[in-house]
Amino acid sequence: MDCSLLDFCRQLIGIEGVSGSEKQVADRLEEEMLHKGFDRVDRDPYGNVIGMIEGTLPGSLMFEGHMDSVGIQDRSLWRYSPFGHDFINNRLYGRGTSDMLCALGAMIHALGDLATEGKRNHATLYLVAVVQEEIFEGIGFGKVLDLHTPDAVVLGEASELKLMLGQKGRCELRIETFGKNAHSAHPERGRNAIESMAKVLHRIPQMTCHASPLLGEGIMVVTDIISRPYPGSSVIPDHCQITIDRRTLEQETKETVLSEMRQELSLVFPDSQERLPACKCTIPTASALCYTGERLGGERFFPAWMIDEDTPLVGFAREAMGRVGIPFETGYYPFCTDGSESAGNRNIPTIGFGPSSPSLAHIIDEYVEFNQVLVARQVYREIAKIFRAN
Ligand SMILES: [Zn+2]
């Protein structure tokens, strides 16, 4: 039976698909794509869903979104149902409405419209729904891009129907200080790793990040700290570790970020001639289990990206927005997206366009203005019709 876009979105919201447990969401997405006439729907070993509609024109365009959501911490704080039961004054409430199951629903129905028309006078179209984006921006998407390299990518992350032309990158830096254990009744016999870290913490606010005319200023902020032993009853700690969240700009790479921080740390510990290093700075790696049993992971570095306003892809999107009758407004995502992989790491032309406001993601009583979902569906369909490979 045919399912309206609203019903389809409500069904998706009704499934709790937190990162690592997306199987039922993936099943429902796959079922809908097949029902809507996609030529193929595949699942990769990590559980990403890849739908495809063949076109008669050369080239390919990939629509992309993530199917995981952040879960519901405390149900009692929600005024509305987190599972899509409440549709009030054109607002659909629930976890994942804004971020970003409704955008995925709109993309599937938009491409499904073209499959149903059957004219095929378009490029080959992909619809990709990835796992674990809330944990690792771009890592799951990278696995899909290892299999298929499209000529361009459209991300569906919330943009309030503006065309997004880039974002700052995100990087985690792990800084460790090393000391020597001793009984705390004799602190002079040890070397206190927390006291060393205090010097680093004192230095951080004095470090300046670069700035970019379009992406704004880079950001550096401490997000956690732990010492060893923990708890440290009567022991001078021999190890202390912090994590720094760095928001990076378009020219910044893993190497530049690391070397700048190491340079700063050499100023904090200028005469570190001891057997143990006083301090170390690295980019940590992390991994997580997918619902398929495979492990997904990588380094915590997700580069910034930007696309020029005069590239053809931006022109196609502009034309599509014009056809649908919405103003052509552009911007930059205030958060990190899967574009870090497609544009940042692989130089594939990438834009972002989605319903809802980024500020409505991850919040209690998350909702989407459903008329924006309907407009996004039209814009996606027009972009798919207009797109031509260079
Ligand atoms: Zn998202």
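Two residues are counted as being in contact if their C-beta atoms, placed from the backbone, lie within 7 Å. The structure is a predicted model, in which local features need pLDDT of at least 70 and side-chain atom pairs count only at pLDDT 80 or more, while totals for chains, interfaces and linings use all residues. Residues are numbered from 1 along each chain as its sequence is written.

The protein chain is divided into domain 1 (5-167 + 304-386) and domain 2 (169-288), with bounds that come from an automatic or database domain assignment. The centres of the two domains, taken over C-alpha atoms, are separated by 37 Å. Twelve residues from domain 1 and nine residues from domain 2 make up the contact. On the side of domain 1 that touches domain 2, five residues are nonpolar, six are polar and one is charged, where Ala, Val, Leu, Ile, Met, Phe, Trp, Tyr, Cys and Pro count as nonpolar, Asp, Glu, Lys and Arg as charged, and the others, Gly among them, as polar.

We turn next to helix α9 (residues 370-386); helices (H or I, at least four residues) and strands (E, at least two) are DSSP runs, numbered from the N terminus. The axes of α9 and helix α7 (residues 312-324) come within 8 Å and cross at roughly 130 degrees, the axes being lines fitted to C-alpha atoms, for helices over the stretch in contact, and the angles running from 0 to 180 degrees between N-to-C directions. The helices α7 and α9 are therefore oblique to each other, since angles under 35 degrees count as roughly parallel, over 145 as roughly antiparallel, 65 to 115 as roughly perpendicular and the rest as oblique. Among the residues that meet here are F316 and M321 in α7, and V379 and I383 in α9. The residues of this contact divide into nine nonpolar, one polar and three charged.

Helix α3 (residues 97-117) also packs with α9, at an angle of about 45 degrees and with the axes 8 Å apart, and α3 and α9 are therefore oblique to each other. Their contact includes A106 and L114 in α3, and Y380 and A384 in α9; its residues comprise eleven nonpolar, one polar and four charged.

Finally, α9 lies across strands β5 and β21, running at about 60 degrees to β21. These strands belong to an open sheet of three, in the order β4-β5-β21, with antiparallel pairing, and two strands pair if DSSP finds at least two bridges between them. Between β5 (residues 91-93) and β21 there are three bridges, and R91 has E369 in β21 as its bridge partner.
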